[in-house]
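Colleague: Hi, could you walk me through this one? I'd like to start with how you decide that residues touch.

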Amino acid sequence: MSIRFINIGFGNIVSAGRVIAVVSPDSAPIKRLIQEGRDGGNLIDATYGRRTRAVIVMDSGHILLTALQPETIANRLGTREESHV
């Protein structure tokens, strides 16, 4: 069993097997999740001062902020989004 890592921007990497969700930071529930992570000490800001474009939820309860688009991270995870019309 090998551990696979993905680049989340600026040389930061995370274990692909521990990612639960990759979401956009625009909705109110995600903004609450970010604030709860900040208050609880579980927030990791990997944006390097840039605009947050994706929020990664880890199985450890940590919340990661990144400047990459959610689609970019999904492609790096190898899970391409299929469109159902």
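Modeller: Happy to! Contact means heavy atoms within 4.5 Å. This is a predicted model, where local features need pLDDT of at least 70 and side-chain atom pairs count only at pLDDT 80 or more, while totals for chains, interfaces and linings use all residues. Residues are numbered from 1 along each chain as its sequence is written, and side-chain values use heavy atoms, with hydrogens and water left out.

Colleague: Thanks. What is Ile73 in contact with, leaving aside its neighbours within four places in sequence?

Modeller: Ile73 is in contact with Ile6, Val22, Ala54, Ile56, Thr66 and Leu68, once those neighbours within four places are left aside.

Colleague: And which residues touch the most other members in the largest nonpolar core?

Modeller: Ile6, Val14, Ile56 and Ile73 do, in a core of 13 residues. S1, strand S5 (54–58) and helix H2 (70–77) each give two or more residues to this core, and S5 has the largest share, with three residues. By nonpolar core I mean a set of buried Ala, Val, Leu, Ile, Met, Phe, Trp, Tyr and Cys residues joined through side-chain atoms within 4.5 Å. Buried means under 20% relative accessible area, exposed over 50%, and partly exposed in between (1.4 Å probe, protein chains only).

Colleague: Which residues are in the other core?

Modeller: That core lies apart and has seven residues, among them Ile34, Val55, Val57 and Ile63. In soluble globular proteins, nonpolar side chains tend to be buried together.

Colleague: Back to Thr66, then. Is it buried or exposed?

Modeller: Thr66 counts as buried because its relative accessibility is 0%. You'll find Thr66 in strand S6 (residues 63–66). Beyond neighbours within four places in sequence, Thr66 is in contact with Ile8, Ala46, Thr47, Arg51, Thr52, Arg53, Ala54, Ile56 and Ile73. A polar atom of the Thr66 side chain also lies 3.4 Å from the backbone nitrogen of Leu68.

Colleague: Nice. Changing topic, how many helices and strands are there?

Modeller: The protein has two helices and six strands, and from the N terminus on the order is β-β-β-α-β-β-β-α. Those are DSSP runs numbered from the N terminus, helices being H or I with at least four residues and strands E with at least two.

Colleague: How do S1 and S2 run, parallel or antiparallel?

Modeller: Antiparallel: four bridges join strand S1 (residues 5–9) to strand S2 (residues 12–15). Two strands pair if DSSP finds at least two bridges between them. As an example, Asn7 has Ile13 in S2 as its bridge partner.

Colleague: What about the turn of that hairpin?

Modeller: Two residues sit between the strands, and Phe10 there takes a positive phi near 60°. Phe10 counts as partly exposed because its relative accessibility is 39%.

Colleague: What is the phi of Tyr48?

Modeller: Tyr48 has a positive phi of about 55° although it is not a glycine. Tyr48 is in the loop between strand S4 (43–45) and S5, and with a relative accessible area of 54% it is exposed.

How values were computed:
Polar contact = N/O pair within 3.5 Å; in protein donor to acceptor, adjacent residues only side chain to side chain.
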